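Here is a short report on helix packing. Keep the sequence and the model in view.

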Amino acid sequence: MKNDFVLSRRALLASTLVFGVVAMAPALSAAEPLKVAAIHASPVENAWNSVIHQALLEAAEEGAIEYVFSESVSGTDYPRAMREYAEQGVDLIIGESYAVESEAREVAADYPDTPFVMGSSGGPSGDNFGVFGTWNHDGAYLAGMLAGTLTETNVVGSVGAMPIPEVNMLINAFAEGVKETNPDAEHHVTFIGTFFDPPKAREAGLAQIDQGADILFGERIGTADAAKERGILAVGSLIDYTPRYPDTVFANALWGFRPIVDAAIADVEAGNPVGQNYTAFGMLKDGGSDIAFVEGVASPEAVDAMLAKRQEIIDGTFEVPRNMDEPK
């Protein structure tokens, strides 16, 4: 394995998506910035939450919003946190309703004048409950294409949180990408049953390595620790893990939240209902997600094939399968 990895000039760097440089920020005309509250079910260092948190911090630094947040909010406390921010009169509440779908929608119905935009596996409700999904499956598919050419044991593994539709879709997309370039490869899947438990993800990764996997897709943070420990390659999700694991993570399925929050802010400022699905703003063809990869790991031919497929996704001539069934 090469010790000195160099990020490809052709790859979109994760810092572009996670830490800034999005060209579609709305022109804000309000005398005072919107007050935006985020309710994070996990610590903000968790990859998914960190993408949202960083996008909102960035918007606040630019003066577009005032930002407050709560983190590590349990499911039992989540509706209460939503109500407290609504009572405080914030202009927009960002959160995640995956574990509290019915309760979150009940709160939104009780506060019809407060806009909520929530990560959700369901659809929008009424005028004030919008949703978004973490659809970085395009990048996962492209990373899978590279992984299929790199595995020597013909066994790859994925470590996920729990089999909710979005996690299923992401892992299935990675598996489909592997299959495109290596139809004979086996794909093992482990769910750890929680959104944030790095030691548990590490243990799951180690178990898969013991079963023959020589490349791991880390839908959950902690998976790359197992890969690093055993000296194999890994794929990251949501953020660019390469700087943290320079000799281990060779590709990342990136997700960007800034386009989503910019669209929601624009709607709130314009007085438009937020009861819509904002997911598309976070997809590759709309500039919200991408792949970051390390040059010199996969062969030039494999990289060229992956980049050609990436362009097809952008052009709309190829659509990565959206399979939300639990992977087996």
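## Crossing of H5 and H10

Which hand does the crossing of H5 and H10 have, left or right? The crossing of H5 and H10 is right-handed (the near helix is turned clockwise from the far one by less than a right angle; anticlockwise is left-handed). Helices (H or I, at least four residues) and strands (E, at least two) are DSSP runs, numbered from the N terminus.

This is a predicted model: local features need pLDDT of at least 70, side-chain atom pairs count only at pLDDT 80 or more, and totals for chains, interfaces and linings use all residues. Residues are numbered from 1 along each chain as its sequence is written, and side-chain values use heavy atoms, without hydrogens and water.

## Geometry of H5 and H10

H5 spans residues 137-150 and H10 residues 300-315. Their axes come within 10 Å and cross at roughly 160° (lines fitted to C-alpha atoms over the stretch in contact; angles run from 0 to 180 degrees between N-to-C directions). That makes H5 roughly antiparallel to H10 (over 145 degrees; under 35 is roughly parallel, 65 to 115 roughly perpendicular, the rest oblique).

## H4 and its buried face

In H4, the buried residues are Glu101, Ala104, Val107 and Ala108 (under 20% relative accessible area, 1.4 Å probe, protein chains only; exposed is over 50%, partly exposed in between). Seen down the H4 axis, they fall within an arc of 130°, so they line one face of the helix (directions from the axis to the C-beta atoms). The face turned away carries exposed Glu106 and Ala109.
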